[in-house]
Amino acid sequence: MEIGLIGLGKMGGNMRERLRRAGHTVIGYDRNHEIADVGSLGELVDAFTTSPKVVWVMVPAGDPTRDTVKELGGLLSAGDVVVDGGNSRFTDDKINADHLAEKGIGYVDAGVSGGIWGLKNGYALMVGGSAENVAKVQPFFDALKPEGDYGYVHAGPVGAGHFAKMVHNGIEYGMMQAYAEGYELLMAADVVEDVPGVLKSWQEGTVVRSWLLDLLVNALEEDPNLDEIKGYVNDSGEGRWTIEEAINHAVPVPVLAASLFARFSSRQEDSPAMKAVAALRNQFGGHATTKAGQAATAAHLGGPGDTIDS
């Protein structure tokens, strides 16, 4: 079968290859013409030899995706389907679907997880849309998903796929933060001499084993003290959206919220909030402060005569 794929970056390029290995014809477009099969969206649509056409969009969320969907609305025909496989906010999906529906074009939102490993392992897919439109894309979902019974779900109507992926990424934030904090505590304790070995020992037979743990072990094998990495962590937006939706639905998510705020802290070389905490402890308890440019001394637990703060 034929499919158009827009956006051939790290994930999109591997998805094109996985689809081709499954026997599908993929017409790929990217702004980088060196990796594209066609030179424009118009050429992509014209290259199809069969209908209905399925065009999968893998470009950054927000205006790039919205603009691409609008342009496709002027190029495709009734009965065709557009799939947004990027990390769009689920509230964009109804807007995109309504715009395309005016011309009889279907819309499916697909939350895609798998990163750079998807080519080999397959991609977990969370899909939203009508049964009719999902069915038109199903052969491509089957080719992209991991082998076996799991890794794919038709989560509900338009928007459900991206909502599910949003929550997935919020959970991912919390899990990564838990591993990171455990790693830091192990590194801080002199009693543990082989931190990478401890983490590696958790990979089998423990309740905390996971693919994320495997990836952390891989990272430590390449760089045992993570000396080559700066502790600065971006967020894609989905963690923020998860917290906003938790507020909208009055669902308590303290772990997910804390993991997002930890990422914000990572971007501050000298946190103003921690400066304020240090100043307050000095004011009410006489605790020592570390001057700018001065090396911090090891912390100690309170002893006789110390002021206890909360």
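**Salt bridges.** I began with the salt bridges of this predicted model, and by the rule I applied the count comes to 12. One of them that I looked up is the pair Asp-37 and Arg-16, whose side chains meet with N to O at 3.2 Å. I then placed both partners: Asp-37 lies in the loop between strand 2 and helix 2, while Arg-16 belongs to helix 1 (residues 10-21), so this pair ties together parts that are 21 residues apart in sequence.

**Domains.** Next I looked up how the chain is divided, and found domain 1 at 2-158 and domain 2 at 170-266. Their C-alpha centres lie 31 Å apart, and I noted that 6 residues of domain 1 are in contact with 6 residues of domain 2. For the area buried between domain 1 and domain 2 I have about 630 Å², with carbon and sulfur atoms giving 55% of this. Which three residues supply more than any others of the area that domain 1 buries against domain 2? They are Asn-87, Arg-89 and Trp-117, which together supply 73% of that area.

Across the interface of the two domains the rule finds 2 salt bridges, and I also recorded 1 residue pair in polar contact there, with both residues at pLDDT 80 or more. I looked up Arg-89 again for its side chain, and it forms a salt bridge with Glu-245, in which the closest N and O atoms are 4.0 Å apart. The cut-off for a salt bridge is within 4 Å, and I therefore write the value for Arg-89 and Glu-245, 4.0 Å, beside that limit.

I then traced an open sheet of 7 strands, whose order is 2-1-3-4-5-6-7 and whose pairing is mixed. Strand 2 (25-29) and strand 7 (152-156) stand at the edges, and because each has a single partner strand, one side of each is left without a neighbour in the sheet. From one strand to the next the twist averages 25 degrees. As a reminder to myself, strands of a sheet pair through backbone hydrogen bonds, either parallel or antiparallel. For strand 4 (residues 81-84) and strand 5 (residues 106-113) I found the parallel sense, over 4 bridges, and the bridge partner of Val-83 in strand 5 is Val-108.

I also followed helix 6 (residues 131-144), which lies across strand 1 (2-6), strand 3 (54-57), strand 4, strand 5, strand 6 (124-128) and strand 7. Against strand 5, helix 6 runs at about 30 degrees.

**Backbone.** Between Ser-51 and Pro-52 I found a cis peptide bond, with omega at about 0 degrees, and Pro-52 sits in the loop between helix 2 (41-46) and strand 3. Leu-226, although not a glycine, has a positive phi of about 55 degrees, and I located Leu-226 in the loop between helix 9 (211-222) and helix 10 (238-248).

Terms used:
Residues numbered from 1 in each chain as written. Predicted model: local features only at pLDDT ≥ 70, side-chain atom pairs only at ≥ 80, totals over all residues. Heavy atoms only, no water. Pairing = 2+ DSSP bridges. Helix = DSSP H or I, 4+ residues; strand = E, 2+ residues; numbered from the N terminus. Axes fitted to C-alpha atoms, helices over the stretch in contact; angles between N-to-C directions. Contact = heavy atoms within 4.5 Å. Domains from an automatic or database assignment. Buried area = accessible area lost by both parts, 1.4 Å probe. Polar contact = N/O pair within 3.5 Å; in protein donor to acceptor, adjacent residues only side chain to side chain.
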